[in-house]
Amino acid sequence: TASGARAGSSLAHRCHQHSTAMLDVPFLPFCAFLGTLGLLCVAMVGTWCQHWRGGFSLDGSSRTFNWHPVLMVTGLVVLYGTAALVYRIPNTWSGPKLPWKVLHGSLALGAFVLTVLGLAAVFRFHNAQGTPNMYSLHSWMGLGTVLLFSCQWAAGFGAFLLPWAPAWLRALYKPIHVFFGSTILMLSAASCVSGINEKLFFSLKNGTMQYKLLPAEAVFANTLGLFILIFGVLVVAALARPSWQRPDSDSPASRQVRDALGG
């Protein structure tokens with residue numbers, strides 16, 4: 001009957017609201033967890049290269065290569081993910097937007113600088129050892145991600161930071177910028193994970209240290225790869241969550257935020 005259908009619909013709606021409330025997580029605790037996870041990824045990749053791969057140097061040896069994973073994970077994943085979440089901070093929803101634009105662009109630029117240094121480290125190592133460059137799927141994926149990242153930053157700078165960019169251009173480009181922001185982060189995580197796996201295959205080949213025997217280094221590095229993927233997925237999930245997105249400046253939600261914050 002109609003009344004039964006309405007009752008069933010009402011019950012389903014209440015159940016949906018209840019399940020949504022159960023899954024609701026405040027933004028700031030989520031950011032604290034995500035920040036801890038990001039720092040853990042940086043600490044783990046540094047520990048891996050220092051403890052198992054011999055440390056760091058600039059002499060063109062394998063210790064020069066070790067800068068590559070550290071800088072890529074730090075810049076292309078953790079710092080880039082941090083930059084992507086700037087506009088999800090509720091304090092950015094009121095007042096002038098320019099300081100937050102500058103912070104977002106600066107963090108992304110810092111990530112790009114670390115990434116370029118990471119590429120320089122691996123090219124220096126390959127050239128010193130006589131190893132060919134750009135022959136693996138990992139290298140293709142990584143360089144493609146960096147090139148896409150550079151185009152994203154340049155286009156974002158031109159559209160959102162230069163004062164003479166027209167409003168219609170910003171409105172047109174904004175969803176494209178957001179989409180490629182998430183895409184680049186997931187490509188970065190995938191590139192880092194494939195690089196970790198490739199390094200383990202190349203390094204763990206002898207005696208009891210074979211990769212297939214899962215020595216301690218393999219367990220540690222595989223865990224690092226999982227943490228990198230989790231970090232990337234959580235950042236993308238935060239970017240996609242409607243309640244954490246900055247409201248439009250003329251929307252009722254934005255006006256309520258400004259009133260609540262005294263703006």
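Colleague: Is the crossing of H6 and H7 left-handed or right-handed?

Modeller: The model is predicted, so local features require pLDDT of at least 70 and side-chain atom pairs pLDDT 80 or more, while totals for chains, interfaces and linings use all residues. Residues are numbered from 1 along each chain as its sequence is written, and side-chain values use heavy atoms, without hydrogens and water.

H6 and H7 cross in a left-handed manner (the near helix is turned anticlockwise from the far one by less than a right angle). Helix H6 spans residues 137-161 and helix H7 residues 167-203 (helices are DSSP runs, H or I, of at least four residues, numbered from the N terminus). Their axes come within 9 Å and cross at roughly 155° (lines fitted to C-alpha atoms over the stretch in contact, with angles from 0 to 180 degrees between N-to-C directions). H6 is therefore roughly antiparallel to H7, a term for angles over 145 degrees. Where H6 meets H7, the contact residues comprise 11 nonpolar, 11 polar and 3 charged (Asp, Glu, Lys and Arg are charged; Ala, Val, Leu, Ile, Met, Phe, Trp, Tyr, Cys and Pro nonpolar; the others, Gly among them, polar).

Aromatic pairs number 11 (ring centres of Phe, Tyr or Trp, its six-membered ring, within 6.5 Å; stacked under 30 degrees between planes, edge-to-face over 60, otherwise tilted). Phenylalanine 30 and tryptophan 244 make a tilted pair, 5.1 Å between centres and 50° between planes. Tryptophan 153 and phenylalanine 157 are stacked, at 5.3 Å and 10°. These two, 4 residues apart in helix H6, are separated by about one helical turn. Tryptophan 153 is partly exposed at 26% relative accessible area (from 20% to 50%, 1.4 Å probe, protein chains only), and phenylalanine 157 is partly exposed at 35%.

Terms used:
Angles under 35 degrees count as roughly parallel, over 145 as roughly antiparallel, 65 to 115 as roughly perpendicular and the rest as oblique.
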